[in-house]
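Me: I'm new to this one and would like a guided tour. Could you show me how to read its features, one at a time?

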Amino acid sequence: MSIGNKLYEERLDRYLKAIKCEKPDTVPIRLNIGEWTAKYAGFTLQEVYYDLDKQFQMVEKVMANWDLDVVRGIGFGLNPPALRNSLDLNFYRFPGVDLPEDSSFQYHEEDYMKAEDYDDFIANPTKWVVDNYLPRVCNELAEPGSYRAQIAMIKGSVSMLQYTSKLGEVNRRISEEFGFAPAVKGMTKAPFDTVGDTLRGMKGILTDIRRHPEKIIAACDALIPHNIRYALAGPGADKTFPVIAPLHRGAYPFLSVEHWVKFYWPSLKAVIEGLWDQGKSMTFFAEGDWTPYLEYIAELPEKSIQFVVDNTDPAKAKEHLGGRFCLIGAIPTTLLTYGTREEVTEMVKRAIDELGADGGYVLDAGGVIMGDAKLENIEAMIEAGRKFGKY
């Protein structure tokens, strides 16, 4: 067995024990660092978005230099700009083209689905997306079936094939040469987020809560089987690893507790339970504050999720979820940007003592580490994790 394979087995065993609420030899460490990695590798964001070789050189620099256990978010995981260009996709803004060369990418939110589209969407979501959504967000697909649209689809498919082929090669090297296991395989969303993020936008979904409440519920229900299948597609079929669900519009106080219980939770709970019935757990990426909802989340089947503590109260997360679900994170991203090495070290020690004393804890930042985080603070977080994380 190579050194890379041996490390992979050790790190994977450590991580899997933690997410099953067991006590490994030490607290596993993962980092959700996204675009910060470009700065660390000395590239602009424009360079790494448009040059796949530089994007993966950036990833390999982290792998070679940092003592982590599992990786997540080190590559960008976004549809590459080549796909955007092939289809003239109009909701992304990329550095160096629409934005300054070192600016983070942006999503341009609109109500791409109108309120009057609900009935057709509910009747057949996939058909509605093909017939209506894609022509609205991809200028090259404005006339479905046309010569222009077919050429755009071919160009887009080739760009995705190039990207995923390169991604597969790099993931193989990350495992075999550097010995890192992935933190997740596959992705899904809460049905309310699919409607609120992608289709109706914030203004539309909040208006619909007052004007079309039953339509929202019916649309979310129609998405449940789709979001389960989406989670298990491709790499997500590997049930050793959880699927990631970035959860956006459910954070408090975007929704009141009353609205969260009525609109957000039932369909998300059905997706989680549907996946768990098939042996797939979910990394519940609870961005923002989810403290008011913890008693509802605690009703989920034991070990069906790993709960990411961002701005949620860590002590209450431990009280309601500890022992039944793995807890991840609790290191504030703002501390990594504005704090000192000493403050980061103290926060890591506190998080391990309060959340990980009995196992079932993975050290990470609560959210995606921002581009202006201090290198010395990230190094301090890893060093403290190794120092205080031993069982």
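Reply: Happy to. Let's begin with a pair of strands: five bridges join strand 6 to strand 7 (residues 282-286), and the two run parallel. Helices (H or I, at least four residues) and strands (E, at least two) are DSSP runs, numbered from the N terminus. Two strands pair if DSSP finds at least two bridges between them.

Me: Before we go on, what am I looking at?

Reply: This is a predicted model, where local features need pLDDT of at least 70, side-chain atom pairs count only at pLDDT 80 or more, and totals for chains, interfaces and linings use all residues. Residues are numbered from 1 along each chain as its sequence is written, and side-chain values use heavy atoms, with hydrogens and water left out.

Me: Which way do the side chains of strand 6 point, and are they buried or exposed?

Reply: In a regular strand the side chains alternate between the two faces of the sheet. Here Val243, Ala245 and Leu247 point one way, Ile244 and Pro246 the other, and all are buried. Buried means under 20% relative accessible area, exposed over 50%, and partly exposed in between (1.4 Å probe, protein chains only). Because five of the five residues of strand 6 (residues 243-247) are buried, the strand is largely enclosed by the rest of the structure.

Me: In what order do the strands of the sheet come?

Reply: Five strands form an open sheet in the order 6-7-8-9-10, with parallel pairing. Strand 6 and strand 10 (361-362) are at the edges with a single partner strand each, so one side of each has no neighbour in the sheet. At the strand 10 end, two bridges join it to strand 9 (residues 326-329), and isoleucine 328 has valine 362 as its bridge partner.

Me: Which helix goes with strand 6 and strand 7 in a β-α-β unit?

Reply: Helix 12 (residues 257-277), and the unit is right-handed. That label applies if, with the strands pointing away from the viewer, the path from the first strand over the helix to the second runs clockwise.

Me: What about helix 9, is it buried or exposed?

Reply: Mostly covered: eight of its nine residues are buried. Among them are Phe192, Val195 and Leu199.

Me: What does lysine 185 form a salt bridge with?

Reply: Aspartate 238, with the closest N and O atoms 3.1 Å apart. This pair links distant parts of the chain, 53 residues apart: lysine 185 is in the loop between strand 5 (181-182) and helix 9 (191-199), and aspartate 238 in the loop between helix 11 (213-231) and strand 6. Salt bridges can also share partners, and in that way Arg14, Asp25, Asp67, Asp69 and Arg386 are joined into one network.

Conventions
A salt bridge is a side-chain nitrogen of Lys or Arg within 4 Å of a carboxyl oxygen of Asp or Glu.
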